[in-house]
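Colleague: I have a chain open here and would like to talk through how its parts pack. Could you take me through it, starting with a pair of helices?

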Amino acid sequence: MSKKDDERVDKSRLLEDVQEFCISQSFEAQFEAFAKEHANVFLKALDFTDESTEHPLEFHDVYRKYLTKFEGLIEDFIVKNGYNVGDFYDQCKDILDNDEVFGTKRFFIETMLATSEYQNFFMLMRAEMREYKQAMLRNSHK
C-alpha cells in the first residue's frame, strides 16, 4: 500500500522519505544513465582544467536538462507518495532558516542545493566522465 492510499499522510517523514529516495540505487542509476546519455557533451569537460575558461553553451543546456529531470523526479516521488511539494519546500526552508538545526537533514538539504548549482554539476559530470572513460578503456582491452 502506498502512502497515497492512506488518507492520513504523516508529513514528519517527508524529508526522510525524499532523502532515502535520493540515495536509492534507482535514483543513482538514473543519474548514471543521464551522464551516459550526455557523455558526448561531457567527455569534452575533461579538457577543462582552468575554472576561468568559459564553458560551451551545450554544457549549460545539459545542465538545464539535468535540473528539469531530477527536480521532476523528486517532485513526482513526493506527489506519488501522497505528500505535497510545497510542504517539502517549507520543511527545507524551516531547517535552513534555523541555525540551531544540524545533522543529516540539514546536510541533505545543503547537498541537494549544492548539486543544483552549475559549478557543482560540472564537477559531478567531470567525475562521471572520468569513470566512464576508464570503463571504456578497460572494455577496449578485453
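Modeller: Gladly, and please keep in mind that this is a predicted model. Helix 1, which covers residues 14-22, packs against helix 4, residues 57-80, at an angle of about 130 degrees, and their axes lie 10 Å apart.

Colleague: What does that make helix 1 and helix 4 to each other, oblique or parallel?

Modeller: Angles of 65 to 115 degrees count as roughly perpendicular and those over 145 as roughly antiparallel, and helix 1 and helix 4 are therefore oblique to each other. As for handedness, helix 1 passes helix 4 in a right-handed crossing.

Colleague: Which residues in helix 1 and helix 4 meet?

Modeller: From helix 1 there are L14, D17, V18, F21 and C22, and they meet L73, I74, F77 and I78 in helix 4.

Colleague: Staying on helix 4, is E71 buried or partly exposed?

Modeller: E71, which is found in helix 4, has a relative accessibility of 42%, so E71 counts as partly exposed. The C-alpha atom of E71 is also separated by 9.1 Å from that of S116, although the two residues are 45 apart along the chain.

Colleague: Changing topic, how do helix 5 and helix 6 pack?

Modeller: Helix 5, residues 85-97, and helix 6, residues 104-115, pack at an angle of about 110 degrees with their axes 10 Å apart, which means that helix 5 is roughly perpendicular to helix 6.

Colleague: And which residues in helix 5 and helix 6 meet?

Modeller: In helix 5 they are F88, C92, I95 and L96, which meet K105, R106, I109, E110, M112 and L113 in helix 6. The residues of that contact divide into 7 nonpolar and 3 charged, again with no polar ones.

Colleague: Stepping back, how many helices and strands does the protein chain have?

Modeller: The protein chain has 7 helices and 0 strands, and, read along the sequence, its pattern is α-α-α-α-α-α-α.

Conventions. Residues are numbered from 1 along each chain as its sequence is written. This is a predicted model: local features need pLDDT of at least 70, side-chain atom pairs count only at pLDDT 80 or more; totals for chains, interfaces and linings use all residues. Side-chain values use heavy atoms; hydrogens and water are left out. Axes are lines fitted to C-alpha atoms, for helices over the stretch in contact, and angles run from 0 to 180 degrees between N-to-C directions. Helices (H or I, at least four residues) and strands (E, at least two) are DSSP runs, numbered from the N terminus. Angles under 35 degrees count as roughly parallel, over 145 as roughly antiparallel, 65 to 115 as roughly perpendicular and the rest as oblique. A crossing is left-handed if the near helix is turned anticlockwise from the far one by less than a right angle, and right-handed if clockwise. Contact means heavy atoms within 4.5 Å. Ala, Val, Leu, Ile, Met, Phe, Trp, Tyr, Cys and Pro count as nonpolar, Asp, Glu, Lys and Arg as charged, and the others, Gly among them, as polar. Buried means under 20% relative accessible area, exposed over 50%, partly exposed in between (1.4 Å probe, protein chains only).
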